[in-house]
Amino acid sequence: MKRTYLSLFAVTIIPLFFCACDKDFLDKKQSASLLVPTKLSEFQSLLDNTSLMNKSPGLQLLAGDELSPADNGYAAYKPEEKNSYIWAKDIFEGKASSDWTYPYQIILVANVVLDGLNENSSAAAETGAKDVEGQALFFRALGYFYLSQKFAKGYSGSASTDLGLPVNLSSDVNLRPGRGTLSQIYGQMTDDLKKSALMLPAEGLATNRPTKPAALAMLSRIYLLMGDYNLSLEYAQECLKLKSKLYDFNVSPFLTPKGNVEVLFNTGMVSYTFLNSTLNFVDQQLYNSYADDDLRKTYYFLARTGGRYTARGLIYSSNIGLFSGVALDEVYLNKAECLIRLNRVEEGIRVLNELLINRWKTGKYVPVSAIDQKDALKKVLIERKKELLVRGLRWGDLRRLNLNVETAVTVTKKVGAADYILLPNSPLYVFPIPDQEVVLSGIEQNQR
């Protein structure tokens, strides 16, 4: 099939591949001057566009239980930010959302590269072609991961019938796939990541490029969300065979992703108003959960007036944004939790201690112990919330933990005189698809 490839500029501005066939878009597309990539270096350039490929959604951070803005801080939010924070039924109010469009743009670029390599034998024969193909597969999986965590239900026993999301494995922008099932989109993500892990190098030229350890870490993350603790553990262990060095916070925590040995893949959140607000405080109870000798209490937060704190974020990069990528501390936590859930409690606690000793003042750390599996699981989940602060991962954790009554969380928020409550397994855990996408594509809207 003959395909039309878009220029890098066009790729970054089109709204959505399966909605790209409206008449106005096609008229503009036919008259545009299009660049057709044919060389491996051109495909690599598409994937190296960090302003698109290394951007992640951010509204799930507001919807979770990590942040507690002052009333005037909340008042300064944009409408979609306010609505996300209080789980409003209509979050986007008829407008587009970067949290929806960015992932599909990432997917489209990945498909352009994959189709280009498949149809251009000379590019596919160049040295490094397998690496580029592996990167594209990783990015495609990443795009679908972002979408699945907000615009579809959490993975459960009903995944084979739960609504998924439109999955397109072609750069043909005229295709209009339906939503399919949730198990299909998870299957596509894991298949892409497994293939990419076989193609990617153990070391990359820069942290904005995917590597084999990053692909393995993503597989561990996704299988944890699926509740498959054996496979999540397997991929965590495979990742740690290649990369395992943790950073000692006693040395210095203020590093860019390039200089931090724990970073496997660097992404930054889409820029939102709330990310730059000095009135967007961390939940006070969460802040108080850090012991005084825990260096994260000093390094993760900035003190503000009134005894409140904003999140500094573990790792910042000035040209990308608040770190939301893949790092080894998450892999250690995945491994620890899976071991505990598989009733290998002592091993799991030992892995947790390997991580935490690097976060406390030298000589002050008292190793964690547990009286039984239930106690161990409680402790590892607490440390997971504290370690992965404002990474954008908490929303996914809430959704999976709510499937078990013993780990379910009821989230409460207060804005002015109004109280808001998010019950476990509420339909509000699934974001609505932006209205214009539903109208143009004809796909089914999420019920909230």
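Leaving aside its neighbours within four places in sequence, with which residues is tyrosine 74 in contact?

## Tyrosine 74 and the basis of the model

Tyrosine 74 is in contact with Pro69, Lys82, Tyr85, Ile86 and Val415, once its neighbours within four places in sequence are set aside, where contact means heavy atoms within 4.5 Å. The residue is found in helix α6, residues 71-75; helices (H or I, at least four residues) and strands (E, at least two) are DSSP runs numbered from the N terminus. With a relative accessible area of 12%, tyrosine 74 is buried, the classes being buried for under 20% relative accessible area, exposed for over 50%, and partly exposed in between, with a 1.4 Å probe and protein chains only.

The structure is a predicted model, in which local features need pLDDT of at least 70 and side-chain atom pairs count only at pLDDT 80 or more, while totals for chains, interfaces and linings use all residues. Residues are numbered from 1 along each chain as its sequence is written, and side-chain values use heavy atoms, with hydrogens and water left out.

## Overall composition

The secondary structure of the chain comes to 20 helices and 12 strands, and buried residues make up 56% of its 448 residues. Among the contacts in the chain with a separation of 6 or more, 72% are accounted for by residues 24 or more positions apart.

## The nonpolar core

The largest nonpolar core has 125 residues, of which Phe138 and Leu165 touch the most other members; such a core is a set of buried Ala, Val, Leu, Ile, Met, Phe, Trp, Tyr and Cys residues joined through side-chain atoms within 4.5 Å. Helix α10 (residues 129-151) gives the most to this core, with 13 residues. Apart from neighbours within four places in sequence, phenylalanine 138 is in contact with Leu193, Ser196, Leu200, Pro210, Ala214, Ala215, Met218 and Phe265. In soluble globular proteins, nonpolar side chains tend to be buried together.

## The largest pocket

The largest pocket holds about 880 Å³ of space. Its lining numbers 29 residues, and those closest to its centre are Asp65, Ile382, Lys385, Arg394 and Val409. Two or more lining residues come from each of β2 (67-69), α14 (284-288), α18 (373-387), α19 and β11, with α18 giving the most, 8 residues. By class, the lining of this pocket divides into 10 nonpolar, 8 polar and 11 charged residues, where Ala, Val, Leu, Ile, Met, Phe, Trp, Tyr, Cys and Pro count as nonpolar, Asp, Glu, Lys and Arg as charged, and the others, Gly among them, as polar.

Pockets and cavities are both found on a 1 Å grid over the protein atoms alone: a cavity is a set of points where a 1.4 Å probe fits but cannot get out, a pocket is an open set with protein on both sides within 12 Å along at least five of seven lines, and lining residues have an atom within 4 Å of a point. Grid points are joined across faces, edges and corners, and a volume is the space filled by probe spheres set on the points.

## Enclosed cavities

A search of the whole structure finds 3 cavities of 30 Å³ or more, and the largest cavity has a volume of about 240 Å³. The largest cavity is lined by 20 residues, with Gln60, Phe145, Gln149, Gly392 and Leu393 nearest its centre. The elements that give two or more residues to this lining are α10, α12 (212-225) and α19, and the largest share, 4 residues, comes from α10. The lining of the largest cavity has 8 nonpolar, 6 polar and 6 charged residues.

## Selected loop residues

Threonine 407 is placed in the loop between α19 (394-401) and β11 (411-415), and it counts as buried because its relative accessibility is 16%. Its side chain reaches the backbone oxygen of leucine 401 at 2.7 Å, and, neighbours within four places in sequence aside, threonine 407 is in contact with Leu377, Leu381 and Leu401.

Tryptophan 87, in the loop between α7 (79-85) and α8 (98-119), has a positive phi of about 60° although it is not a glycine, and at 5% relative accessibility it counts as buried. Asparagine 343, in the loop between α16 (328-341) and α17 (345-356), also is not glycine and has a positive phi, near 65°, but asparagine 343 counts as exposed at 53% relative accessibility.

Conventions. Polar contact = N/O pair within 3.5 Å; in protein donor to acceptor, adjacent residues only side chain to side chain.
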